[in-house]
Amino acid sequence: ATGTKDATTFLRGDNTFAVAGGSTAPYCSVYRNGNQTLSDATWTKIQFNAEIVDSAGAFDSSSNYRYTPQTSGYYFITLNLTIGITADNTIDKLSAAIYKNGSMITGSQATRDWDTTGINYNDVINTSIIVQLNGSSDYIEGWGYIDVTSGTPRFESQAALINIFKMTE
């Protein structure tokens, strides 16, 4: 093997040593504290209003509810969304989406086919993506959609979460 071996290096497949490590900063993990009600069959921005961690102070959890990275690079983003409804067995369709600069870049959807004895109260849906962000004007938001036959849909308190971190290069 060529190169220098010490505690911060590893042996690569081409039989040379490379430096290990790197940083996943900046990163954040934010969630919705308190239920957020929404209109039926309407895309709604999730108002992530509580932070677990925000290493660069880049998440606005009070007005725009969006992440604006301060460092360019590739980011891994995951959105987990638990939805609820005030009436059992009434959710027809639910969706979760990650938006970049106001446009959907990835999402997932679930459609229900209920039996007459089924009971539904909460459902969980998630989506994730790796995306390049420029570090100055790009921004990321989480959105959700719930189509119900009756009742008031909501994003569940403590159960709507978005995690974002810069990937090491």
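This report describes the strands, salt bridges, aromatic pairs and surface patch of a predicted model.

Residues are numbered from 1 along each chain as its sequence is written, and side-chain values use heavy atoms, with hydrogens and water left out. Because the model is predicted, local features need pLDDT of at least 70 and side-chain atom pairs count only at pLDDT 80 or more, while totals for chains, interfaces and linings use all residues.

**Overall make-up**

The protein chain has 14 strands and zero helices. Of its 169 residues, 41% count as buried. Buried stands for under 20% relative accessible area, exposed for over 50%, and partly exposed for what lies in between, with a 1.4 Å probe and protein chains only.

**Strand E13 and its neighbours**

Strand E13 covers residues 140–148, and nine of its nine residues are buried. In a regular strand the side chains alternate between the two faces of the sheet. In E13, Ile140, Gly142, Gly144, Ile146 and Val148 point one way, whereas Glu141, Trp143, Tyr145 and Asp147 point the other way. Residues on either side are buried.

E13 pairs with E5 in the antiparallel sense over two bridges; two strands count as paired if DSSP finds at least two bridges between them. Lysine 45 has tryptophan 143 of E13 as its bridge partner. E10 also runs antiparallel to E13, and nine bridges join them. One of the bridge partners there is isoleucine 146 in E13, which faces leucine 94.

**Salt bridges**

A salt bridge here is a side-chain nitrogen of Lys or Arg within 4 Å of a carboxyl oxygen of Asp or Glu.

| Residue | Partner | N to O distance |
|---|---|---|
| Lysine 45 | Glutamate 141 | 2.9 Å |
| Lysine 100 | Aspartate 138 | 3.9 Å |
| Arginine 154 | Glutamate 156 | 2.5 Å |

Aspartate 138 counts as buried because its relative accessibility is 9%.

Arginine 154 and glutamate 156 meet in a salt bridge. Arginine 154 is buried because its relative accessible area is 9%, and glutamate 156 is buried at 10% relative accessibility. Elsewhere, salt bridges that share partners join Lys45, Arg66 and Glu141 into one network.

Arginine 66 also lies over the face of tyrosine 139, at 3.7 Å from the ring centre. For such a contact, NZ of Lys or CZ of Arg must be within 6 Å of the ring centre and within 35 degrees of the ring normal.

**Aromatic pairs**

Rings of Phe, Tyr and Trp (its six-membered ring) pair if their centres lie within 6.5 Å; planes under 30 degrees apart count as stacked, over 60 as edge-to-face and the rest as tilted. By this rule there are five aromatic pairs.

One of them is the tilted pair of phenylalanine 76 and phenylalanine 165, at 5.6 Å centre to centre with 45° between the planes. Phenylalanine 76 lies in strand E9 (residues 73–85) and phenylalanine 165 in strand E14 (residues 153–166), 89 residues apart. Phenylalanine 76 is partly exposed at 27% relative accessibility, and phenylalanine 165 is partly exposed at 30%.

Another pair joins tyrosine 99 and tryptophan 143: the ring centres are 4.8 Å apart and the planes are at 20°, so the pair is stacked. Tyrosine 99 lies in strand E10 and tryptophan 143 in strand E13, so parts 44 residues apart in sequence are tied together. Both tyrosine 99 and tryptophan 143 are buried.

**Surface patch**

Tyr27, Ile52, Val53 and Phe165 form a nonpolar patch on the surface, with about 320 Å² of accessible area together. Patches are made of residues with over 30% relative accessible area and no salt bridge, with nonpolar side chains (Val, Leu, Ile, Met, Phe, Trp, Tyr) joined within 5 Å and like charges within 9 Å. Accessible areas come from the Shrake-Rupley method with a 1.4 Å probe, and for residues only the protein chains shown count as cover.

Notes:
Helix = DSSP H or I, 4+ residues; strand = E, 2+ residues; numbered from the N terminus.
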